[in-house]
Amino acid sequence: MFTRYQGKTKFIWLPVTVSTTFSEKGLVAFASGYLIEATATSAPSVVVGVIRHAIAATDSDYATARLVEVEVPVENYVMWKVDVTSGLVAADIGLYQDLTSNLVVNRAASTYDVVQCMKVITTTKGLFVLNTGLAGCGVIGA
């Protein structure tokens with residue numbers, strides 16, 4: 001779960017993929033002009049921000065084309081508190097890491113470099129900045 005810890009963000013409304021479930025406070029990315037949950041192989045260039053609300057198959061508008069609220073950083077170095085696969089240590093600070101899912105950082109992977117570690121809270125939780133959009137400096141491939 002990506003929870004804003006420090007920095008300026010704003011909420012924008014973006015088109016969501018119809019009939020797709022989303023986890024609350026998960027990273028979202030664009031695919032074919034619509035939001036999907038970010039994955040372990042999402043490139044930083046397509047990651048947009050954090051979806052504000054969960055979308056369940058039981059929602060009344062689940063199968064309806066619509067816009068959903070997404071929290072996006074409006075300055076560099078907005079920090080997000082995020083769960084991490086086990087083993088986060090001080091030596092990870094400053095390193096870029098990938099995702100395990102749209103809710104969890106994979107500290108052992110660094111192919112797509114979606115986030116950068118800024119602080120270790122515990123071995124399974126840290127503060128990260130998104131390496132996305134125009135401010136991103138990591139891999140920006142497909």
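Strands β3 and β5 pair through three bridges and run antiparallel, where pairing takes at least two DSSP bridges between two strands and strands are DSSP runs (E, at least two residues) numbered from the N terminus. Across this pair, Val 28 sits opposite Gly 49 in β5. The model is a predicted one, in which local features need pLDDT of at least 70 and side-chain atom pairs count only at pLDDT 80 or more, while totals for chains, interfaces and linings use all residues. Residues are numbered from 1 along each chain as its sequence is written, and side-chain values use heavy atoms, with hydrogens and water left out.

The β3-β5 pair belongs to an open sheet of five strands, ordered β2-β6-β5-β3-β4 and paired in the antiparallel sense. Strands β2 and β4 (34-37) take the edges with a single partner strand each, so one side of each has no neighbour in the sheet. From one strand to the next, the twist averages 50 degrees (axes are lines fitted to C-alpha atoms, and angles run from 0 to 180 degrees between N-to-C directions). Moving through the sheet, β5 (residues 47-51) is joined to β6 by two bridges, again antiparallel, and here Ile 51 faces Val 70 of β6.

Most residues other than glycine have a negative phi. Ser 19, however, has a phi near 55 degrees; this serine is in the loop that links β2 (9-15) and β3 (27-31). With 37% relative accessibility, Ser 19 is partly exposed, on a scale where buried means under 20% relative accessible area, exposed over 50%, and partly exposed in between (1.4 Å probe, protein chains only). Tyr 77 also has a positive phi, near 65 degrees, and is placed in the loop between β6 (67-73) and β7 (79-84). Its relative accessible area of 57% makes Tyr 77 exposed.

Neighbours within four places in sequence aside, Glu 69 has contacts (heavy atoms within 4.5 Å) with several residues, including Phe 11, Trp 13, Val 50, Arg 52 and His 53. Glu 71 is buried too, at 12%, and forms a salt bridge with Arg 4, with 3.5 Å between the closest N and O atoms. Since Glu 71 lies in β6 and Arg 4 in β1 (residues 3-6), this pair ties together parts that are 67 residues apart in sequence. Arg 4 itself is partly exposed, at 38% relative accessibility.

The whole structure has five salt bridges, the criterion being a side-chain nitrogen of Lys or Arg within 4 Å of a carboxyl oxygen of Asp or Glu. One of them joins Asp 83 to Lys 125, where the closest N and O atoms are 2.5 Å apart. Asp 83 is in β7 and Lys 125 in β11 (residues 125-130), so the bridge links parts that are 42 residues apart in sequence. Both ends count as partly exposed: Asp 83 at 30% and Lys 125 at 26%. Another bridge pairs Asp 61 with Arg 66 at 3.2 Å between the closest N and O atoms. In this pair, Asp 61 is partly exposed, at 32%, whereas Arg 66 is buried, at 16%.

As for the nonpolar residues, the largest core has 18 of them, and Phe 2, Leu 27, Trp 80, Val 105, Val 115 and Phe 128 have the most contacts inside it. A core here is a set of buried Ala, Val, Leu, Ile, Met, Phe, Trp, Tyr and Cys residues joined through side-chain atoms within 4.5 Å. At least two residues of this core come from each of β3, β5, β7, β10 (115-122) and β11, and β7 gives the most, with three. Not counting residues up to four places away in sequence, Val 105 touches, among others, Phe 2, Val 82, Leu 99, Val 115 and Phe 128. A second, separate core has twelve residues, among them Leu 14, Leu 35, Tyr 62 and Val 72.

Methods:
Helices (H or I, at least four residues) and strands (E, at least two) are DSSP runs, numbered from the N terminus.
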